[in-house]
Amino acid sequence: MSIPPRATLDGLEHYYDAAPRSSARAEDFGPLTLFVREGAGWPFYARPTLGHVGPVTAADVDAVRARQRALGAPEAFEWVAEVSPGLRAAVEKSGLAVHEHPLMVLHADAPAADPHPQVRVLDAADPLLHAALVVPHLAFAAPGTGVGEAGPAELAAEITSRAGDGRAEQVAERIRAGRTAIAAAFEDGLPLCSGMHNPVGAVTEIVGVGTLPSARRRGLGRAVTAALVADARAAGVTTVFLSAGDTDVARMYATLGFRPAGTALIAELPHS
C-alpha cells in the first residue's frame, strides 16, 4: 500500500491535538494529554502529547487511567501507530486491549460522488437534528456491516429516551460556529444513517458515520460520507480523513477516493 508522506501524518497530528479543544479541556500528563469533555456528547480519550518524542511507559498510562477513573470517563487512548510506535507496548503492559483501524485520507483528485436523494446536510435549526444524533448510538451498539434487528421502533424509543440530553443544542451551536457539519439519510421522517465532520482550518475528520442496523447494505453510509466530503470541500477544506471500522468498511471508503494513510489505534478495557 502507498502511505502518504510524513508531512501528511504530521498534519493529522496537529488536527488530533486541536480538534477536541473546542469542547474539552486538556490535562497534561507529560508524554500524554487527556482530553476531558465539557458538556454533552461522546466522551474523549488520551493521546500522545503533540511533539513528544521520548518514550511512554506503562506508569504514564497508569497515571492517565487513574485520572479517567476518577472522572468517571472511559479508560481510552487513541493514536497513530506510525507516529507513536512505542505507545502500544506501554498501553498493553498497562492492561488495555488495542484495536487497529485503517486510517485513510481522501485523494486530492477524487471525483465528487453523485448526491443521494435521501441525504441532506442539516442546519442548526433542523427539527430532526436530535434524531440524527441518536442514530449512531444504535449503530455502534451493534457493530459490523451486517443487517441487524434494531429498526425504526427502536430508534423512536431511543430518540424519546435521549430527549433533553443537551446534545442537539451543543451540536447546533457548533454548526452555527462552523466547527461541525452533520449529514443524514432520511426515510418516512426518520434518519436511517448519519455522520459528521469537524473542520479545523483546512483539515477535517469524518466521524460517527453509523447506519441503523435494519437499514444496512443499502449504501447509506457511503452516501452520507459523500455528502460530508462535498460539504467539506465546499467550505474550503483540503484534507479530509477518517478511520474505518475494519477492512470491509475501508473498501467502501476507497470507492469514494480515500487512500491508506496509516493505522489508527484505539485502546480500551478488555471485554469480559
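Select N198 and display its surroundings: leaving aside residues up to four places away in sequence, N198 touches Y15, R174, R179, T180, V203, T204, E205 and V207. The model you have open is a predicted one. Colour residues 190-200 and you have strand β8, the strand in which N198 lies. Is N198 buried or exposed? Its relative accessibility is 14%, and because the cut-off for buried is under 20%, N198 counts as buried.

Next, go to L87. This residue lies in helix α3, which covers residues 87-94. L87 has a relative accessibility of 2%, so L87 also counts as buried. Show its neighbours, again without those up to four places away in sequence: L87 touches L32, P48, V56, V61 and W79. Now pick out V56 from that group and draw a C-alpha to C-alpha distance to L87. The two C-alpha atoms are 6.0 Å apart, while 31 residues separate L87 and V56 in sequence.

The last stop is a pair of helices. Select residues 129-141 for α4 and residues 167-177 for α6. How do their axes cross? The axes come within 9 Å and cross at roughly 105 degrees. Angles of 65 to 115 degrees count as roughly perpendicular, so α4 is roughly perpendicular to α6.

From α4, display L129, H130 and L133; from α6, display R167, A168, V171, A172 and I175, which are the residues they meet. Coloured by residue class, the contact of α4 with α6 shows six nonpolar residues, one polar and one charged.

Definitions and conventions:
Residues numbered from 1 in each chain as written. Predicted model: local features only at pLDDT ≥ 70, side-chain atom pairs only at ≥ 80, totals over all residues. Heavy atoms only, no water. Helix = DSSP H or I, 4+ residues; strand = E, 2+ residues; numbered from the N terminus. Buried < 20%, exposed > 50% of the residue type's maximum accessible area, 1.4 Å probe, protein only. Contact = heavy atoms within 4.5 Å. Axes fitted to C-alpha atoms, helices over the stretch in contact; angles between N-to-C directions. Parallel < 35°, antiparallel > 145°, perpendicular 65-115°, else oblique. Nonpolar A, V, L, I, M, F, W, Y, C, P; charged D, E, K, R; others polar.
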